[in-house]
Amino acid sequence: AKDPDWWRQAAVYQIYPRSFADSNGDGIGDLPGITSRIPYLAALGIDAVWLSPFYPSALADGGYDVDDYRDVDPKLGTLADFDEMVAALHGAGIRLIVDIVPNHSSDRHEWFREALASPAGSAARDRYIFRDGIGPDGDQPPSDWEGMFGGPAWHPVGDGQFYLHLFAPEQPDFNWANPEVREDFLTTLRFWSDRGVDGFRVDVAHGLAKDLTHPLPSRAELADRLLAADGTHPLWDREELSEIYAEWRAVFDEYDPPRIAVAEAWVAPSRRHRYARADSLGQAFNFDLLRAEFDADAFRAIIADNLAAVRETGSSNTWVFSNHDVVRHATRYGLPAGGGADGEVGAAWLLSGGIAPELDASLGLRRARAATLLMLALPGSAYLYQGEELGLPEVAEIPDHDRQDPTFFRNAGVEVGRDGCRVPLPWTKSGSSFGFGEGSAHLPQPVWFGEFSVEAEDADPSSTLNLYRRALWLRRDLQDSEELTWLESGADSVLAFERPGGWRSFTNFGSEPARLPEGEVLLASSPIEGDVLPPATTVWLR
Ligand code: TEU
Ligand code: CA
């Protein structure tokens, strides 16, 4: 059915392709591997897959350094494999969203190689952001800016010029003021839409537009401007983005049903919703819950604010606890509270991947299950990250020489990188790479991974996998309109609300048992006895 609103309350499962399933034993997950696991995805009860980059890439940043936007990395398969995967997903009733990375290409992209081979001031260089060096000898970077992964944001090319890279040096930023760049991305959107993809996840959607026409501000001045968040920052969240995404919207609307898009924009909540408007990308990731402590008041405020804001944009809400960039939530919730400012799970923990020695893993998992069940009762789309349905914790024990993430290498000592949430999935209790593939996995799996395998959890009725399955299928039956009514729970630590059809959700965030209201228990995140709502537990009642 061509339901144009399919995305509004979808459960979307993120696949990090190199770590999902390996079909040919080279240790790298691939597209045929994904296709072979579609029965698993279908049984899970998801509505769509979001596929992280699968394009040709030297993997300087896990595939977010794209060599060619209109091809498949040969290590992951071919375009024919892609078409087969799309057909099989659609055959199973699962839609596909692909990641698109418009802020930067890789330094191996044809256009960037052409830029390097061309002189300063050439048309080829104008597709990226080149500037002359400064200082008495002209050998100093144009400004003191730092990249997101640490180190200078300008890289010298040997002829007196430098190029801008807000991420790794292998990720030169595009010049979005150049019409050729704009046009090429429209071609890419059509290329994948024509192949049947249902939508796009837009990487660093708040980047792209930049204003470097004025004297470049210092790093300190930039930081001040960011706080103002008024659309005039030279690098982030600029007003011109609306124009760019209006052009994208016109392309999405060429299709039936229109292709959807979700913005990844790390901006202030008050600025996020402009990406979600119907004349823009249509939906934006809401990372507020992801950054919050496991706390009833924090969750209540975030949910209420977002329900109100989204009503104004006409979009639907999005909820996220885990993705390929952050410490898995089963681990985060086992960390001591108050790691950061403003009641957030310390940005330090989140972004550094630093695992505290005082981690309580079983509390973390218990809370993660409760939080997920709460999220799946909320109106809007739930974005799930591969492995969270197994309750996978962050993998801390990765030897330095096996690490791949650039944040580790460029910021060593400050960050341990994002590899710990990207370790290949365990499918079986034992055997070569726990069923991921016949060879050894590209990131080492810990010895205990088999306990969290699909095989082990499949057989255990109380496993996290079976909880996710039941929750996702029930949610499909129960989801109705996007209404939510808050309920008086009688306890500060208990967050309660009702959805249409008499579906109620109660979460006890506290460490003491609370009273469970009357009703039919549909599902609970931990075992329930009598009229007690145990600590760190969500129950669905009707
Ligand atoms: O992330 C955008 C981003 O701003 C990241 O720096 C994010 O804040 C960080 O990873 C949190 O640890 C996107 C992708 O999700 C990420 O994997 C890429 O590395 C990045 O863009 C560059 O493409
Ligand atoms: Ca492979």
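Modeller: Begin with A48. Setting aside neighbours within four places in sequence, A48 is in contact with A10, V12, I94, R95, L96, I97 and D198. Keep in mind that this is a predicted model. A48 belongs to the largest nonpolar core, which has 138 residues. A48 is listed among the residues with the most contacts inside that core, along with V12, V49, L96, A261, A263 and L281.

Look at strand 6, residues 161-164. Both of its faces are covered. Q161 and Y163 lie on one side, F162 and L164 on the other, and all four are buried. Strand 4, residues 130-132, pairs with strand 6 over three bridges, in the antiparallel sense. In that pairing, D132 stands opposite Q161. Strand 5, residues 154-156, is also joined to strand 6 by three bridges, and these two run antiparallel. There, W154 has L164 as its bridge partner. Strand 5 and strand 6 form a hairpin with four residues between the strands. In this hairpin, G158 takes a positive phi near 100°.

Compare helix 6, residues 219-228. Helix 6 is hardly covered: among its ten residues, the count of buried ones is zero. A229 follows helix 6 and has a positive phi, near 45°.

Next, a pair of helices. Helix 8 packs with helix 10, residues 296-313, at an angle of about 35°. Their axes are 10 Å apart. The crossing is right-handed. From helix 8, P269, H273 and A276 take part. They meet D305, A309, V310, E312 and T313 in helix 10. By class, this contact has four nonpolar, two polar and two charged residues.

Finally, R277. Where does R277 sit? Its place is in the loop between helix 8 (269-276) and strand 9 (282-284). Is R277 buried, exposed or partly exposed? Count the other C-beta atoms within 10 Å: there are 19. A buried residue needs 20 or more, and an exposed one has 12 or fewer. R277 is therefore partly exposed. Leaving aside neighbours within four places in sequence, R277 is in contact with T313 and S315. T313 also takes part in the meeting of helix 8 and helix 10. E394 is 117 residues from R277 along the chain, and their C-alpha atoms are separated by 34 Å.

Conventions: Residues numbered from 1 in each chain as written. Chains lettered and ligands numbered in written order. Predicted model: local features only at pLDDT ≥ 70, side-chain atom pairs only at ≥ 80, totals over all residues. Pairing = 2+ DSSP bridges. Core = buried A, V, L, I, M, F, W, Y, C linked by C-beta atoms within 7 Å. Contact = placed C-beta atoms within 7 Å. Axes fitted to C-alpha atoms, helices over the stretch in contact; angles between N-to-C directions. Left-handed = near helix turned anticlockwise from the far one by under 90°. Nonpolar A, V, L, I, M, F, W, Y, C, P; charged D, E, K, R; others polar.
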